[in-house]
Amino acid sequence: MTGAGWRQRFVRSVYADQNDSSTVRAALKRVLDELGPGRGINVGGGPQRIDHRLIHVDVVRQAACDCLGDARRLPFASGVFDLAVSQETVEHVDDPFLAVREMVRVLRPGGRIYLQVPFVIGYHPGPQDYWRFTREGIAVLLHQAGIPSVEVEIAVGPATGFYRIAVEFLADV
């Protein structure tokens with residue numbers, strides 16, 4: 001067994017997913033409960049479907065993917081969704097401002113957006129990795145997309161950044 005293979009298996013076994021945070025689960029549950037019988041879009045949802053009412057859009061064809069599409073040019077008419085969800089995606093888009101404007105464009109008047117982004121985290125291409133956002137940066141990102149008021153919450157504790165970077169460091173030693 002090679003050293004690199006052991007390290008990669010170790011990282012996969014201890015690497016926490018931000019989406020497993022109780023704060024993230026509670027916030028997502030809240031917006032999904034408020035969706036009621038409405039329809040939504042999950043932009044960059046990855047390999048798992050989070051709710052049957054969300055159309056799953058991704059740049060990579062996966063089992064949960066309903067529609068191949070680019071977050072910067074969503075293949076939907078304006079004003080058709082009640083909710084847009086994007087978890088840990090816009091840091092992978094070269095123009096996150098355009099991507100968020102697109103999510104807002106496809107929302108009906110009064111629609112909601114749930115935008116989750118990492119802050120302190122190591123480089124993680126998937127396929128690219130461009131950005132990190134502060135609380136103020138998230139507010140500007142949403143304000144420039146036409147969302148006048150936002151609720152910005154921290155989803156994980158301060159030790160999470162250290163933990164994630166330490167695990168990535170150990171994987172690369």
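View 1. A search of the whole structure finds one aromatic pair, and F76 and F81 form it in the edge-to-face manner, because their ring centres are 5.1 Å apart and their planes stand at 85 degrees. Rings of Phe, Tyr and Trp (its six-membered ring) are paired if their centres lie within 6.5 Å, and planes under 30 degrees apart count as stacked, over 60 as edge-to-face and the rest as tilted. The model is a prediction in which local features need pLDDT of at least 70 and side-chain atom pairs count only at pLDDT 80 or more, while totals for chains, interfaces and linings use all residues. Residues are numbered from 1 along each chain as its sequence is written, and side-chain values use heavy atoms, with hydrogens and water left out.

View 2. Five strands form an open sheet in the order 3-2-1-4-5, with parallel pairing; strands (E, at least two residues) and helices (H or I, at least four) are DSSP runs numbered from the N terminus, and two strands pair if DSSP finds at least two bridges between them. Strand 3 and strand 5 are the edge strands, each of them pairing on one side only. Helix 3 lies across strand 1, strand 4 (81–87) and strand 5, and runs at about 140 degrees to strand 5, an angle taken between N-to-C directions on a scale from 0 to 180 degrees, with axes fitted as lines to C-alpha atoms, for helices over the stretch in contact.

**View 3. Strand 2 and its neighbours.** Strand 2 (residues 54–58) is largely enclosed by the rest of the structure, because five of its five residues are buried. L54, H56 and D58 point one way from strand 2, whereas I55 and V57 point the other way. Strand 1 (residues 40–43) runs parallel to strand 2 and is joined to it by four bridges, with G40 opposite L54 and I41 opposite I55. Strand 3 (residues 67–68) pairs with strand 2 in the parallel sense over two bridges, and here D58 stands opposite L68.

**View 4. C65 in the loop between strand 2 and strand 3.** C65, found in this loop, counts as buried at 8% relative accessibility. Leaving aside residues up to four places away in sequence, C65 touches H56, D58 and V60, contact being heavy atoms within 4.5 Å. The C-alpha atoms of C65 and G44 are separated by 9.0 Å, although the two residues are 21 residues apart along the chain.

**View 5. The two sides of helix 4.** The buried residues of helix 4 (residues 135–144) are I138, L141 and L142. These residues lie on the same side of helix 4, because they cover an arc of only 90 degrees around the axis, the arc being that of the directions from the helix axis to the C-beta atoms. The buried residues of helix 4 pack against helix 3 (96–105) and strand 5 (107–116), while E136 and H143 are exposed on the other side. G146, whose phi is positive, near 100 degrees, follows helix 4.

Note on methods
Buried means under 20% relative accessible area, exposed over 50%, partly exposed in between (1.4 Å probe, protein chains only).
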